[in-house]
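Morning, everyone. I have one model to show you today, and I'll keep it short. Here it is.

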Amino acid sequence: MSESAPLFGMHNARTWVLLANALDVTLLTNNVAFTLARKMQMPFTNHGQHVELYLNGKYEGNYFLTEQIDVHKGRVEVDTLKGGFLAEIDLNFDKECKWTSSIYKLPVMLSKPENGIAMDELKSVFFKVERLLARPNPSFEKLSALIDMPSLVRYMILNELVFNIELGHPKSVFFYRKSSEAPLEWGPVWDFDWAFGYAGANFVYFQNPDQLMFDITHQSGQMWGAGGTFFSRFLLMPEFCELYRLEWERVLPEVSDIGGYIWSQGKQLDYSWHENRKRWGAPDAAKQDSYMVMAGFINRRVNLISKTTRRQN
C-alpha cells in the first residue's frame with residue numbers, strides 16, 4: 001500500500017499478508033491457531049480477517065488477511081537501537097543475513113535489523129544457547145539467563161495443541177530479543193497450513209490426533225527434523241517440564257472452549273467454503289462435517305495434553 005491504513009481495525013501499516021487457504025478444508029487453520037495464541041496471551045500474535053480475492057473478475061479463493069511479521073509499532077515491538085532484533089528459523093533460508101547454526105544445524109535468519117552488528121549479536125547468543133543445550137544435563141538456570149522460558153513453553157504448547165509439524169522441519173519459527181539486556185522470547189506464531197494433522201497432500205487434515213510432539217512424562221520429543229531435535233532437548237530439564245505442566249493448567253480453561261468459536265466462524269464462511277473448494281479442486285466433503293472434525297480434533301488434543309501433564313504431576 002502507498003500509505004498506512006488500519007485495515008479491519010488492525011494497527012496502521014502499509015504491508016499486509018494474504019495467507020492462502022487453498023489446502024485447508026475448513027479455511028480456519030490460521031484463524032483458529034492465532035485465536036488460541038491470543039487466548040494464551042502470547043505477545044504480538046496476529047489478528048486477521050477472511051477475505052475473498054478476485055483478480056480481473058475471476059474468483060481466486062478465500063484468504064486470511066493479516067499483519068506481516070515485522071519490527072514496527074503494533075507488530076513486533078523491539079528496540080533495535082538497544083540491541084533488539086527479530087529472527088526466524090526456516091528451511092526456506094531466503095533472507096540476506098543468515099547462517100546455519102553450528103550444533104543443531106538450524107537455518108537461522110536475521111529479519112530486523114539487517115546489519116552486521118545485529119547479526120554478530122544473534123550468532124553469539126544463539127551459539128551460547130546451543131552449547132548449553134547440547135550438554136548431557138542442560139542447566140535450566142543457565143539457559144533461563146538467555147531464554148524467557150515461559151514464552152518458550154507457551155510456544156511449544158500452542159504448536160503441540162494444533163499439532164504443527166512445521167516446528168520439526170523447521171519452518172516459520174520466529175523469536176526476538178527486545179534489547180541487549182533481555183532474553184530471547186519465542187514467537188510470534190505463524191502459518192499453520194501444515195498443522196492440524198495435515199497429511200502432506202490431497203487436502204487431508206486431522207490425522208493422528210493422539211500423537212504427541214513433546215512428551216514431558218518421559219522427557220522426550222517425538223518430532224523429526226533439526227527443529228524437533230532442538231526443541232526436544234528442553235524436555236531433559238525437569239524444571240522445564242514442570243513449567244510446561246503449570247502453564248498448561250493456566251491456559252486450559254481459555255483454550256478448551258474453542259469449539260464454539262470454530263462453529264461461529266464457520267457459519268460466516270458458507271460462500272467461501274463452496275467457492276474455494278471448487279477453485280482449488282478439493283474433494284467433495286460436507287461443510288458441517290469439516291468444522292465438527294476440527295473441533296473434535298482440538299478437543300482430543302486438549303485431552304491428550306491434559307492426560308500427559310497429569311501423569312507428570
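Start with the buried residues of helix H4. They are Met-149, Ser-151, Leu-152, Val-153, Arg-154, Tyr-155, Met-156, Ile-157, Leu-158, Asn-159, Glu-160 and Leu-161. That makes twelve of 13, so H4 is mostly covered, with buried taken as under 20% relative accessible area. Keep in mind that this is a predicted model.

Does the length of H4 agree or disagree with what its residue count says? H4 runs from residue 149 to residue 161. At 1.5 Å a residue, its 13 residues should span 18 Å. The C-alpha atoms at its ends are 18 Å apart, so the two agree. Just past H4 comes Phe-163, with a positive phi of about 50°.

Now the sheet. In what order do the three strands lie? The order is E1-E3-E2, in an open sheet with antiparallel pairing. E1 covers 16-20 and E2 covers 48-55, and both stand at the edges. Each has a single partner strand, so one side of each has no neighbour in the sheet. On average, neighbouring strands here are turned by 45° against each other, direction ignored.

Next, one pair in detail. E3 spans residues 58-67. Five bridges join E1 and E3, in the antiparallel sense. Within that pair, Ala-20 stands opposite Tyr-63 of E3.

Which helix packs on this sheet? Helix H1, residues 29-39. H1 touches E1, E2 and E3. The direction of H1 makes about 10° with that of E3.

That's my part. Over to you.

Key: Residues numbered from 1 in each chain as written. Predicted model: local features only at pLDDT ≥ 70, side-chain atom pairs only at ≥ 80, totals over all residues. Heavy atoms only, no water. Pairing = 2+ DSSP bridges. Helix = DSSP H or I, 4+ residues; strand = E, 2+ residues; numbered from the N terminus. Axes fitted to C-alpha atoms, helices over the stretch in contact; angles between N-to-C directions. Contact = heavy atoms within 4.5 Å. Expected span 1.5 Å × (residues − 1). Buried < 20%, exposed > 50% of the residue type's maximum accessible area, 1.4 Å probe, protein only.
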